[in-house]
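Have the sequence and the model ready.

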Amino acid sequence: MTLIAHPVRRSAGSRRPRGARRRGGGVPVALLLPALLGLAFLTLPLIGLLARTPWSTLPQRLAEPGVLAALRLSLLTATLATLLCLLLGVPLAWLLARVEFPGRRLVRALVTVPLVLPPVVGGVALLLVFGRRGLIGGWLDQTFGITLPFTTTGVVFAEAFVAMPFLVIAVEGALRGADRRYEEAAATLGAGRWTTFTHVTVPLVGPGLAAGAVLCWARALGEFGATITFAGNFPGRTQTMPLAVYLALETDVEAAIVLSLILLVVSVVILAGLRDRWISAP
Amino acid sequence: MRLRTSIVAGAVALVLTGCGTPGDGTADGGVTGTVTVFAAASLTATFDRIGRDFEAAHPGSTVMFNFAGSSALATQITEGAPADVFASAAPRHLAAVATADGTPAVFVRNQLVIAVAAGNPEGVRSLSDLTRPGLKVALCAEQVPCGSAASRALDAAGVALTPVTLEADVRGALAKVRLGEVDAALVYRTDTRSTAPDVTAVEFPESAQAVNDYPIAVLADAPNPTAAHAFVAHVRSAQSRAVLAEAGFQAP
Amino acid sequence: MTGHLLDARLTVERGGFRLDVPLRVAAGEVVALLGPNGAGKTTALRALAGLQPLTAGHITVAGSDQDRPDRRTFVPAEHRSVGVVFQDYLLFPHLNALDNVAFGPRRHGANRRTARRSAVDWLARVGLGEHARQRPGQLSGGQAQRVALARALAVRPAVLLLDEPLAALDARTRLDTRAELHRHLAAHPGATVLVTHDPLDALVLADRLVIVEEGRVVQEGDAATVTARPRTDYVARLVGLNLHRGRAENNHIRVADGLLLTVPERLDGDAFVAFRPSAVALHDDQPAGSPPNTWPATVAGVQRHGDNLRVQLDGPVRVAADVPPATAATLRLVPGQRVWAAVGVTETRAYPAG
């Protein structure tokens, strides 16, 4: 996962030809060049944002109450959505990776639907199911008085819908890559299937699981289309940072840039903090 | 040991160059080439038809449209998108860009109505009906024209309303009416026309306080100014006005 | 306790392969399943562990059916009293040595403290008390093997199963670990089944050898019997003997057209005759006086073998002969060279093949 270059020990008496030394310690130009271009492609828009950031007014913009509310809501909903995805997505990934059943390929394709579907369409689809007139939403409303659209729970649903494929795909890949004989070893030691899953399988795919959860969280944090369509936009309740950014863009580009920057900084800090601790393989 | 690659990011400018075909109006005033029109999303249906009429009237000319939210269009224009004409849903956005010839002209107006489900099952008759408990209302966010107009109209009516959502655009608000997620939304009359069978429009008097002016102008950096001027003139012609009126727009 | 703690007939049919191995192991006994790769040893072990269901036959431990297709009985692995040492140990990489060993007791109902105390005890017994906190990745091969053994023993299994327990170790570590393993296997009160393709492991560790080839038992017995009286080429190669099968009549066994070997035993019918490669003498010419057990042969190949040279001979029968380098030089042994081979009558051992 980490690009590793072995340091070359240069001893005075080294008679290794220069070419060999370069091969041993360096990174081939054919890889380095596109890698740097790729990095530039990914980071230049960020630099563009930084270049246009109104630094002088930054503190007062940060202090605006709506900003903190949106940020808090974003972090809360993205985290809840990730937990929901873990709760449902990990067993789903396990099913896809470990159980032979008819139509498995179709199910696997269906899991990726939210990736392909434009998020706004995803939001409409969620309304058609969980909305007031929806297939399940109508029943929920009449039986329990539960409505999802225009609620924070609705935001979590929309984000989870869009982000879950990232988790499922990552975890399924990890499960397929994991050595199943460890599970057999656990069985011979008296572990049932559930205990084996929780005590052996999950720790074994830990890095993949963490990577999937991080992707899932990041996707949920940036979710816009499905959220605004399904949960609407109401400050403090359903207005997440991306929604606030989009609306700010209507009137005040600088405000939009500041909001985006806050979202970026917070997510980068959180992800960078997690990455080394959780994702590095044992 | 990890490879530490320190990236020194210099002053790298990513220049996005548009690729509109610059038209070349001929010396005798003949209109040819491509005229690129940035127009508010609410004009989509009418401008498509007006554009076809224009092409028919000026053989050899092509009209290219870019429909989007007015503020997004304004941002695109200030960031250098090659546009000839900008038709905005609010004067504010046109004021943000450089135009060729002084004061932009208001060519139509749009007015708010209350959009309700077909047949008006909740019996909404006025703005104050929208405050009934249990009635879910969608408004546009203040930052977009339909939201500021709604806010002005509600102020004029002295109605304090708590919507369930502040939509980012009219279509979002309308979609929620059509899907039955809200009982009513304040949207433009033209928008209810285009979704006619699913949505019923309820007129209300305070909408007069919240009329939206649509200005149009040739842009300062228009690649094809001759055709641009011809297009603006065409939009303001009687023929086009009839098209716009049919869609629910009012004459200025 | 009547007879055997483990009583099994392991029948597994899969694809074109059929395993059919009867196996009985008494309490305290160590039985090695010895055979070449692909013989079905690991399948047999997996069936005993409950990781591979039988298609026929039975597995009974202490009188209780564990797997019996005809009675639709199948006890899954987690409910069997087995301990398995896997070939590459399969220590859980996310747990340290202590928690690896405590895993089994914990699953068998011990609380965390009891399980850990038991694990500490087992690690100490295999001499790894100091390494309890280390992850498998930080252990050497020999240490990992001992942790795997401790983990398998910690559940106090009725049946201990070991799959090539020493195969992953380098030669020196293997020597030490083998001696150590022998001590633990001898102390294990339950039945032990050891799967290996290494005859030395089998001879050192096991009380009894069961030789499996192509899914079937070809020979069974204690180390002395098997080494003295191999019954297949595979076993003969393992124990380093020339083995030939033929038709016996009194003191003679016809092992090939034109080759009648004289043996000390009097036998009738199908019989084996075995002799050591070092018992084969080579001569330039036919030995004078036409002694028994001489035949013309052609050198097919020459290899170093310890201090001697091992000469592969073609002829009426294929035979290996070990000769001192001096002899080899005198005879100018190169492939294609024609020689005479001779085996003293008393150097041969014959036994019935039936």
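Q: What makes 46% of chain B count as buried?
A: A residue is called buried if 20 or more other C-beta atoms, placed from the backbone, lie within 10 Å of its own; with 12 or fewer it is exposed, and in between it is partly exposed. Of the 252 residues in chain B, 46% count as buried. For chain C the figure is 43% of 354 residues. Keep in mind that this is a predicted model, where local features need pLDDT of at least 70, side-chain atom pairs count only at pLDDT 80 or more, and totals for chains, interfaces and linings use all residues. Residues are numbered from 1 along each chain as its sequence is written, while chains are lettered from A and ligands numbered from 1 in the order in which they are written.

Q: How many helices and strands are there in chain B, and how many in chain C?
A: Helices (H or I, at least four residues) and strands (E, at least two) are DSSP runs, numbered from the N terminus. By that rule chain B has eight helices and ten strands, and chain C has nine helices and 19 strands.

Q: Which share of the contacts in chain B with a separation of 6 or more joins residues 24 or more positions apart?
A: Two residues are in contact if their C-beta atoms, placed from the backbone, lie within 7 Å. In chain B, 76% of the contacts with a separation of 6 or more are between residues 24 or more positions apart. In chain C, 63% of the contacts between residues at least 6 apart join residues at least 24 apart.

Q: Why is helix H10 of chain A called largely enclosed?
A: Seven of the eight residues of H10(A), which spans residues 181–188, are buried, so the helix is largely enclosed by the rest of the structure. Among the buried ones are Tyr182(A), Glu183(A) and Thr188(A). Their cover includes helix H11 (193–204) of chain A, plus helix H1 (41–49) and strand S7 (82–85) of chain C.

Q: Which helix gives the most to the side of chain A that touches chain C?
A: The contact takes 16 residues from chain A and 18 residues from chain C. H10(A) gives the most to the side of chain A, with six residues. That side divides into nine nonpolar, five polar and two charged residues. Here Ala, Val, Leu, Ile, Met, Phe, Trp, Tyr, Cys and Pro count as nonpolar, Asp, Glu, Lys and Arg as charged, and the others, Gly among them, as polar.

Q: Why do strands S12 and S19 of chain C stand at the edges?
A: The open sheet has three strands in the order S12-S13-S19, with antiparallel pairing. Strands S12 (242–256) and S19 (349–352) each have a single partner strand, so one side of each is left without a neighbour in the sheet.

Q: How do you know that S13 and S19 of chain C pair?
A: Two strands pair if DSSP finds at least two bridges between them. S13(C), residues 259–275, and S19(C) pair in the antiparallel sense over four bridges, so they meet that rule. Val273(C) stands opposite Ala350(C) in S19(C).

Q: What separates the two domains of chain C?
A: Domain bounds come from an automatic or database domain assignment. For chain C that assignment gives domain 1 (6–230) and domain 2 (240–352). Their centres, taken over C-alpha atoms, are separated by 40 Å.
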